[in-house]
Amino acid sequence: MRIAVVGSGYVGLVTGTCFADLGHDVVLVDNDEQKLAELRAGNVPIHERFLPELLARQRDNRIRFSGDLQAAVRECDATFIAVGTPATDRGEADLSYVESVAREIAGAVDSYKVVVEKSTVPVYTSQWIRTVVIRNGANPSSFDIASNPEFLREGTAVTDFLYPDRIVVGVESERCAEVLRKVYEPLTSGAYYNRADAIPRPDRAQIPPRLIITSTKSAELIKHASNAFLAMKISFINAVASICESVGANVQQVCDGIGTDSRIGPRFLNPGIGYGGSCFPKDLMAFRAVAKECGYDFRLLDEVFRINEDQRHRFLRKVRSVLWTLRGKRLSVLGLAFKGGTDDIRESPAILLVQELLREGCHICAYDPAAMERAKEVLNSSVEYTAGPYEAATGADALLILTEWEEFAALDLDRLRKLLKYPIVIDGRNLYDPATMSAHGFSYYSVGRPAALTEDLPAGIRPDKREHS
Ligand code: UGA
């Protein structure tokens, strides 16, 4: 197939590159000439596993970069719109980029074309795109609009694309469905998985993935509802973790107990300092706004948001209750990205916490395997960045774990204890077993689990109790 992907951001770049690797001829379109020049020169603008390899394999082969949207639409069977849909002040999705792309596409519809919305958009967007394309002169019978939401996680986006749990395609005609079946055929037929150069298969991969064909409106809702549900699952377990702290129970045991129920499942039940990133916070609010517009007051989503905010504040209270006063304390911070495996710091709870600790007068020594450059753009210059986790820990009053990077779960604990001024670890991601930490001489505080103490704190202020008040 000949495929145009409009927008070379995170979704567009991963989607276009993976389509090329599936054997399609791809034109990646962007109006940012500098970005195009970087891509043509071989630079990969985002930190994403397997993307550099796939781009190197397909650049000058099956993927091209272009600034000419209309030429790309004319020469392609399907055009995927993957431009940004940032949030407006009112929490709605700003669809002006989608609209301007739709206007331009209209002028290039010279034979049957499929236009696919890939960006996360509210219900009815595909109908709006259709209206705009017709308003701008296209013949209504010479194109179809489809909705094909992505379920890519940052950091594992390439693997998620090639080994999806499911592929959702929303269409209004069989002709259009047929085009999208062909686009995904290398995955749904299983052919891709027999290739010697296929990206390694993750655990739990559903092979071949199921293609779910729905109406465009259902597909649009599937995307928002999926992200809202996952955010709700995280807030739910964070709320349970708070109760565990109050009563001295262990949220890990509770998770094992509920996650083994196949109707609930164990994934996305990790408590922490709250979800962040460019998707959950924005999509939750956008879904809330969509529901409101449709006459439904989706207050459950407000509560999901509130618990998420509160989770960060609770962690800060925990730091205070462990360290007593904060002014002048030297704190080692491991993790700045909104989650492990990415350099993205958008809506990162780690960044928000560091900003709060700076306001309280702490001195921060931070390390993140990928996000430090981005963090420097938003954090004040007093933050000290180190070359590794041990350098960050040296001489610190306490170590805070704020992002779930795999390497933070495999630290040399004896080395760490010797480097810290006091052997105190406050873990916002539950990366360690409390018993192991106390066996290594740490006072260890985590989320929703009893603290492992190697020191006496003044009576009545044990952080796991004080959280209650
Ligand atoms: C999320 C969805 O998982 C993807 O399916 C979706 O395609 C994407 O949004 C999107 O809409 O584009 P992503 O934002 O990359 O993906 O990250 P997640 O892995 O979902 O994590 C989101 C946040 O939740 C992170 O801050 C993470 O630390 C937190 N989290 C995740 C938890 O606190 N607990 C968990 O159990 C899981």
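**Legends to views of a predicted chain**

View 1. Among contacts (heavy atoms within 4.5 Å) with a separation of 6 or more in the chain, 71% are accounted for by residues 24 or more positions apart. This is a predicted model, in which local features need pLDDT of at least 70 and side-chain atom pairs count only at pLDDT 80 or more, while totals for chains, interfaces and linings use all residues. Residues are numbered from 1 along each chain as its sequence is written, and side-chain values use heavy atoms, with hydrogens and water left out.

**View 2. The largest nonpolar core.** This core holds 54 residues, of which Leu-336, Ile-364 and Leu-400 touch the most other members; a nonpolar core is a set of buried Ala, Val, Leu, Ile, Met, Phe, Trp, Tyr and Cys residues joined through side-chain atoms within 4.5 Å, where buried means under 20% relative accessible area with a 1.4 Å probe, protein chains only. Helix α13 (residues 349-359), with six residues, gives the most to this core; helices are DSSP runs of H or I with at least four residues, numbered from the N terminus.

**View 3. The surroundings of Leu-400.** When neighbours within four places in sequence are left aside, Leu-400 is in contact with Phe-315, Val-319, Leu-331, Ser-332, Val-333, Leu-334, Leu-357 and Ile-426.

View 4. Over the chain, 54% of the 469 residues count as buried.

Technical notes: Buried means under 20% relative accessible area, exposed over 50%, partly exposed in between (1.4 Å probe, protein chains only). Helices (H or I, at least four residues) and strands (E, at least two) are DSSP runs, numbered from the N terminus.
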